[in-house]
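This report describes how the chains of one model meet, and then looks inside them. Please look over the sequence and structure before reading on.

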Amino acid sequence: MPASNLLTQLLPELILLVGACGLLFLGATRLAASRSFLPFAGVLVLVAALVVTIRRGEPDGSFAAMGLWISSLTHYVRWVALSVGILILLVNWYLPVQEERGEFVALILLSLLGVLLTASANDWLVLFFAIELVSIPTYILIALSRLDQRAAEASVKYFFLGALSAAILAFGLSFLYGASGTTQIQHIAGGVISLTLPSTGELGSIAMIGFLFVLAGLAFKVAAVPFHVYAPDVYEGAAAPITGMLGFVPKLAGFVALIKLFAAIGWNLPIEIKWLVWILAAVTMTAGNVIALLQDNVKRMLAYSSIAHTGYMLVALLIGPVAGEGPMHDGVAALLFYIAVYGAMNLGAFAMIASFGRKHGELETLDDMNGIASQAPAVALALAICVFSLMGFPPTAGFIGKLYILTAAFSFSADHAFAQPLLVLAIVAVVNTVISAGYYLRIVAAAYVGKSSTPANPTGGFTLRWGLAVCSLAMLVLFVWPRGLAGQASRATAAIHDSVSAAHTVVRVDTDFGNAQVDRTSP
Amino acid sequence: MLTIGLTHYLIVAAVLFCTGLFTMITKRNAIGILIGVELVLNSANVNLVAFDRYLGSERMDGQIVALFAIVLAAAEAALAVGICINVYKNLATIDVDSASQLQG
Amino acid sequence: MDHLLSWIIFVPTLGAILCLFVPKRQVRVVAVTASLAALILSLLLFPTFLGGGEGAAGYSGSHYGELHHVERHEWITGSNLAIEYFLGIDGLGFPLLILTTLVAFLACLASWNMESWKVGKGIRAYFVLFLLLETGMLGVFVSLDFFLFYIFWEVMLLPMYFLIGVWGGERREYAAIKFFLFTLGGSVLMLVALVAMYFYSDGALASEMQRTGADAVASGYRDGVALTHGTFDLIELATNKVIQGHFNAASTVFLGLKFSTCMFMFLFIGFAIKLPVVPFHTWLPDAHVQAPTPVSMILAGVLLKMGGYGFLRLCYPIFPTGGETWAFLLAVIGIVSILYGALCAMAQTDFKKLVAYSSVSHMGYVLLGIAVMTEAGFQGAMFQMIAHGISSPMCFFLVGVVYDRAHHREINRFGGLWMTMPRYGTLATIGFFASLGLPGLCGFIGEVWVILGTFAAKDNPAMPWAPTMAVLAASAVVLTAGYILWLIRRVYLGREREEYQSFPDVSARETMILVPMAVLSIALGIFPMQTVFNFTNGTLDNMLRHVVQVIGLVP
């Protein structure tokens with residue numbers, strides 16, 4: 001592939017990279033004194049990248065070179081991440097309070113760049129670095145987000161656990177390399193680089209070890225139980241607007257990586273892994289929702305809610321693309337739909353917290369929220385929409401998202417070996433919706449029913465309001481007209497479907513590592 | 001006579017991994033924890049190089065990845081020091097036990 | 001295709017939108033006008049159901065699935081999926097639709113002078129939510145696409161939650177959340193059933209097409225229409241032989257359980273919570289007591305009926321074998337509800353709670369009548385729903401009238417109100433006697449029909465001890481009479497009390513609300529055929545024939 005072609009294919013990523021570097025420089029100049037200049041420039045960069053992405057449209061066929069594979073999945077993740085990224089910047093407009101805005105905006109852009117690269121990665125090395133690029137800026141963002149001891153503490157916790165998860169991920173990837181003999185994730189020309197043994201059709205022990213470690217490392221990123229412990233502390237410590245980003249960006253990257261991991265073995269998961277993910281999903285959503293019921297701090301509550309949502313998405317991941325196409329049948333399309341919706345509704349909920357202030361800082365507990373509906377009816381309405389969407393209640397997009405996951409679980413034909421456990425899991429998810437209503441309703445009730453002699457005052461500027469308004473409107477629009485996003489999500493899985501159907505076209509199989517027999521067809 | 005094979009390297013890596021994990025869990029000092037993370041990362045490097053050596057790749061993918069991982073480790077160390085300084089400014093210690101405002 | 005039903009559903013929504021823009025003082029006028037418009041539009045449906053000649057069957061169709069004012073548009077379509085905007089009305093939905101528009105209009109009038117308006121807070125939000133609630137309720141009774149039905153069913157929860165939570169009494173937050181959680185708990189089971197029914201009907205059609213080699217299966221009730229994939233069409237699910245055969249076959253399993261048994265139970269729990277039956281009733285006293293009077297009227301008059309409507313529209317026609325399997329259990333639950341509700345009502349000292357528990361008791365008759373699967377049972381259950389839909393809002397409003405004046409609801413602290421407020425006393429007596437089931441008033445017919453229907457089930461092997469049940473249900477009437485008469489004695493009779501001397505009698509507005517309900521209570525009691533049975537029996541009998549036929553066909 002000529003280099004110029006590669007560069008044009010990577011134009012959105014390049015725009016982000018150059019924009020982020022530019023913002024770092026601008027942050028040091030006098031322009032940074034103007035409050036809105038840097039965030040505005042950041043939004044411009046994102047809009048430019050988004051325009052390039054959308055104008056280019058879906059890649060016809062796929063482009064692969066240098067460990068990258070620009071596929072329809074890349075296209076989907078690009079525009080979802082960039083659109084939500086614009087909202088994230090709108091919501092974070094007034095952060096941080098210090099003279100570090102240049103770095104702050106640049107780091108947000110870099111983190112988004114990491115997501116984009118994760119979606120294009122076709123090499124374990126690139127994937128690993130892309131995920132680190134997502135995470136590392138967030139450690140700093142938390143510390144910068146507010147002048148609070150708790151923010152410093154949160155960044156330490158997040159950093160060390162994040163670094164550990166990266167190390168575990170690397171350890172797992174080294175085994176996948178050992179099992180397949182290449183760092184490539186998927187073989188473009190045809191078929192996957194199978195990790196399964198030819199004799200039995202199952203994962204070899206080396207591949208299995210690698211798979212489990214990679215799963216664990218990514219489970220950190222998506223905050224699945226039992227790797228979720230950092231989430232509540234980190235969410236509580238960071239400023240609310242940046243928390244809206246923390247709940248979405250690493251999760252998106254993590255799930256894209258998980259999709260790639262599962263697709264790499266053609267979704268032909270060994271039964272042990274299936275049950276493992278099954279338990280992971282069930283425990284994650286149940287624990288998240290049940291613990292959230294016990295919280296009084298709104299941010300911790302939303303942190304546990306985000307853990308629970310990871311559980312729902314794991315259900316979709318487990319269902320996979322096996323049963324058919326379109327989000328009604330395809331778990332991956334349902335997952336992609338859900339995570340886009342989740343990004344907006346989660347951000348909206350945190351933006352609401354950011355749009356009220358009390359004498360000593362942010363809203364913390366449910367009691368602090370008492371009576372905000374009478375202070376700012378419009379913001380409270382937007383909050384209600386986002387919260388009901390998180391609950392998965394019509395008429396919001398969250399309902400459609402849950403519905404897709406449910407239908408995908410049902411579309412397995414009954415004679416499929418894993419159909420019944422999937423049905424049970426879907427029912428567990430549905431029951432969890434009811435549990436989650438227990439605390440979501442408390443949030444709405446605090447806003448609307450609670451009375452307070454000193455209600456919190458509306459703060460934050462109009463960009464925050466706009467971000468919130470767009471998030472909540474999107475929830476309503478996507479309920480009435482889900483087909484646009486659903487169609488995109490469904491097309492995004494085309495490449496995955498190809499690889500799943502080609503799963504048995506094995507390019508290289510050999511894991512007898514004592515005396516390796518290499519028969520590698522060159523890529 | 002014992003021939004050193006791939007298995008031995010893998011065992012070394014596994015021991016490194018466990019040591020690193022253990023260090024992370026037991027150390028209270030932030031720098032100590034960082035060293036634990038480095039050990040875990042290096043166990044991955046040992047694996048990568050060993051697999052590369054024994055599976056005979058002409059492209060040396062594994063060794064290249066290991067190099068990259070070392071660079072990443074260096075970057076992470078720099079970041080860790082920055083974050084530790086930030087905590088030190090706030091709490092005047094880098095003992096992670098004293099960072100306990102967030103109920104966890 | 002006419003758009004009458006759409007207009008009826010969305011006139012309140014239009015009113016709600018208008019309410020957002022008019023000045024605050026006009027909001028009430030707009031809201032009342034909108035609900036009146038919905039009422040008038042719904043009365044336009046009468047000609048459709050009139051003039052079919054003598055006898056019940058002539059009035060509403062010769063087979064189940066004869067619909068009127070049908071509207072069908074594709075709404076959400078996919079490669080092999082069509083969720084339709086599908087409205088239609090038959091003898092099942094029609095009386096409930098009229099009831100809804102009527103009760104909503106009266107409740108809207110009842111909201112005219114709420115306490116909160118004096119401080120001028122929230123009047124706009126209240127009426128907007130109220131009208132949206134009306135849209136949701138009307139939508140439930142006319143949508144025949146399961147998905148659409150589900151959306152209306154869920155959407156209706158939101159305004160209700162806020163109406164109780166914001167304008168309710170002391171413990172409104174608790175009551176609102178409890179109401180929401182209970183209903184949501186039921187409706188997620190319904191959601192599972194919804195998805196399952198779609199995919200199982202899809203499977204049934206697919207295997208039939210494979211068997212016959214044709215590329216479509218003829219519709220069960222629509223001439224010249226063929227199905228190629230699963231459907232959410234409630235009538236199709238009930239009448240299509242292929243789908244019915246698959247749904248009710250013993251070999252169709254869901255998670256190892258018989259499909260029809262399992263799905264029937266899922267749907268049943270969803271509707272039973274709404275109805276409500278013991279043991280799912282605990283939300284009801286809380287919600288009723290905390291809700292403001294007009295919302296209580298809606299809750300008792302319309303929302304509870306959705307449970308019964310759901311049984312008749314979904315559970316029985318689509319899963320007749322499930323109905324047969326569970327018949328005995330359901331009848332027992334019905335009896336327990338009747339007795340337990342009555343005994344609880346007897347123990348109450350809170351006026352409103354007493355009326356709330358009496359609802360549990362009355363809705364037990366609905367469940368019993370449906371569970372026995374006889375003509376009289378179905379008819380009686382339907383009649384009981386309508387009758388209760390008139391008498392219980394009336395009772396709640398009567399409670400509201402006295403609460404507005406006394407600001408408490410302690411039954412034992414009242415006395416002699418008939419003397420103080422003669423017109424109120426008279427209307428109250430009609431209302432409570434209607435609820436009691438006095439012959440000549442509306443409560444009587446439904447109970448008698450249900451009891452007769454229960455007797456009639458004595459030959460059904462699925463219903464052992466039917467006569468015993470009938471006797472138990474009949475004896476519960478004594479309990480009902482007990483608590484109502486005792487209530488009337490404590491509140492309305494007896495010595496006049498000093499502190500209530502100054503109470504004004506019912507105002508013109510209050511009379512306007514009470515009189516229509518009083519008149520209807522009497523009319524339903526004296527002319528049951530002309531007011532209810534003639535409209536409903538055709539559909540109900542056809543449905544029952546279909547149910548019995550499927551039970552007979554499937555081994």
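## Contacts between chains

Two residues are in contact if their C-beta atoms, placed from the backbone, lie within 7 Å. By this rule, 37 residues of chain A are in contact with 37 residues of chain B. The model is predicted, so local features need pLDDT of at least 70 and side-chain atom pairs count only at pLDDT 80 or more, while totals for chains, interfaces and linings use all residues. Residues are numbered from 1 along each chain as its sequence is written, and chains are lettered from A and ligands numbered from 1 in the order in which they are written.

Two pairs of chains touch, and the most contacts are between chains A and B. Chains B and C do not touch, and their nearest C-alpha atoms are 28 Å apart.

## The side of chain A facing chain B

Helices (H or I, at least four residues) and strands (E, at least two) are DSSP runs, numbered from the N terminus. Helix H6 (124-145), helix H7 (149-180) and helix H9 (230-237) of chain A each give two or more residues to the side that touches chain B. H7(A) gives the most, with 19 residues.

Ala, Val, Leu, Ile, Met, Phe, Trp, Tyr, Cys and Pro count as nonpolar, Asp, Glu, Lys and Arg as charged, and the others, Gly among them, as polar. On the side of chain A that touches chain B there are 23 nonpolar, nine polar and five charged residues.

## The side of chain C facing chain A

Here 24 residues of chain C are in contact with 23 residues of chain A. On chain C, helix H8 (146-155), helix H9 (157-167) and helix H10 (172-212) each supply at least two residues of this side. H10(C) gives the most, with 14 residues. By class, this side of chain C has 17 nonpolar, four polar and three charged residues.

## A sheet in chain A

Two strands pair if DSSP finds at least two bridges between them. Chain A has an open sheet of three strands, in the order E4-E3-E5, with antiparallel pairing. Its edge strands, E4 (361-362) and E5 (457-458), each pair on one side only.

Strand E3 (residues 356-358) of chain A pairs with E5(A) over two bridges in the antiparallel sense. Phe356(A) has Pro458(A) in E5(A) as its bridge partner.

## Around Ile405(A)

Not counting residues up to four places away in sequence, Ile405(A) touches Tyr312(A), Val315(A), Ala316(A), Ala334(A), Tyr338(A), Ala426(A) and Ala429(A).
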